[in-house]
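The sequence and structure are shown first.

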Amino acid sequence: MIIVGCDYHPSFQQIAFVDTETGELKEQRLVHREGAEEFYRALAATGQRVCVGMEASGHARWFERLLAELRIELKVGDASEIQRKRGRKQKTDRQDAQHILNLLLKNDFPPIWVPSWENRDLRQLLWHRHRMVQARTRIMNQLQSVALNEGLRCRKRLWRAGGREQLESFGLAPWASRRRHDLLELLDRLNPTIAELSQSVEREAENNPAAQRLKTHPGVGALTALAFVLIIGDASRFQCGKEVASYLGLVPLEDSSGNRRRLGHITKQGSSMLRFLLVEAAQVTARSLPQWRSKYLHLMMRRGRKTAKVAMARRLAVRLYWMMRQGWDYQEWNKFGSHVGQPGNRHGVQSNIE
């Protein structure tokens, strides 16, 4: 068996590999992509079992596809855990590759969950739509600014037929008129694209049973449900809702020592898109459910609007996690889920008082 420790970079990779049968240890620097493809194809041609370990990093999909094509086992490790296990303070590419190899040999390599290729492709659909919506929002904000400079303040009515006619009727200077024309043209191009992507998201959500169950929760649409299912993946890999909140970056930074406890802003780790969707969905849920609205208003009075939004997003994420893990829809959650603090069940124990 050949075990390879790989320190991956976008333009090259430094590797340290050992043949467990002969004990021969070698090091090599492979230039992407030609040098790496030639090396691993030659390695696969030997007929021996090959295992490659590397830190989680971006810009490596072509490398993962190459190893999958050659049927070479790939282990992707938690970069922070690999760094924590490092004993020396010195850090070079050679030492990184050797460190990863030593962890693999000692069976102390910290692997992480890697989504399937289908999962990754569907994530591209969500990210593409998300970026298109952001681009449209920026364009709409610029057009609102043009309208305000001409004394037209109509907010959402600007995008109706009457508002647009008013916007186009203004006599502007040549370059200001050119800017207005180009922005309106870009907006007209983006709207059909976003509508098409939204329909694709709806279809993919309908074909996903877990997303269909999450959609039954008030305030959760196809986009939020599908994004949650794809990004969380295997719900059983989390032990509790706190781990999910930490995974999504919805927990505060903590720098505590002794009797001093200091909490900062949220960590913002994980998917920024899913955090955005959860905040938006939580606000809709707060408008739909009286209990959520009461909780939101209480938090807003105590900690401010922004903190309240994030807190409700975390609450929604934990609930969706348990619905996903238990395979429940919203009705089953109301029947079997937590009832702590509710009337008649104030302390989590079912009351027998009638």
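Which residues are buried in helix 12? Trp292, Tyr296 and Leu299 are buried there, where buried means under 20% relative accessible area, exposed over 50% and partly exposed in between (1.4 Å probe, protein chains only).

## Basis of the values

This is a predicted model, in which local features need pLDDT of at least 70 and side-chain atom pairs count only at pLDDT 80 or more, while totals for chains, interfaces and linings use all residues. Residues are numbered from 1 along each chain as its sequence is written, and side-chain values use heavy atoms, with hydrogens and water left out. Helices (H or I, at least four residues) and strands (E, at least two) are DSSP runs, numbered from the N terminus.

## Helix 12

The buried residues of helix 12, Trp292, Tyr296 and Leu299, cover an arc of only 70 degrees around the axis, which puts them on the same side of the helix. The arc is that of the directions from the helix axis to the C-beta atoms. An α-helix has 3.6 residues a turn, so residues three or four places apart point the same way. The face turned away from the buried side of helix 12 carries exposed residues, namely Pro290, Met301 and Arg302. Helix 11 (272–288) and helix 13 (305–326) are among the elements that cover the buried residues of helix 12.

Helix 12 has 14 residues (290–303), which at 1.5 Å a residue should span 20 Å; its end C-alpha atoms are 20 Å apart, in agreement. The expected span is 1.5 Å times one less than the number of residues. After helix 12 comes Gly304, with a positive phi near 105 degrees.

Thr224 lies in helix 9 and counts as buried at 7% relative accessibility. Apart from neighbours within four places in sequence, Thr224 is in contact (heavy atoms within 4.5 Å) with Leu274, Leu277, Leu278 and Ala281.

## Packing against helix 7

Helix 5 (residues 117–149) packs with helix 7 (residues 174–206) at an angle of about 150 degrees, the axes being 9 Å apart. That makes helix 5 roughly antiparallel to helix 7. Angles under 35 degrees count as roughly parallel, over 145 as roughly antiparallel, 65 to 115 as roughly perpendicular and the rest as oblique. Axes are lines fitted to C-alpha atoms, for helices over the stretch in contact, and angles run from 0 to 180 degrees between N-to-C directions.

Helix 6 and helix 7 pack at about 150 degrees, with axes 11 Å apart, and are therefore roughly antiparallel to each other. In this pair, Arg164, Leu167, Glu168 and Ser169 of helix 6 meet Arg180, Leu184 and Asp188 of helix 7.

## Backbone features in loops

The peptide bond from His32 to Arg33 is cis, with omega near -10 degrees. Arg33 is placed in the loop between strand 3 (25–31) and helix 1 (34–45).

Arg71 is not a glycine, yet has a positive phi of about 60 degrees. Arg71 sits in the loop between helix 2 (61–69) and strand 5 (73–77) and is exposed, with a relative accessible area of 78%. Arg155, in the loop between helix 5 and helix 6 (161–169), has a positive phi near 50 degrees. Arg155 is exposed, its relative accessible area being 56%.
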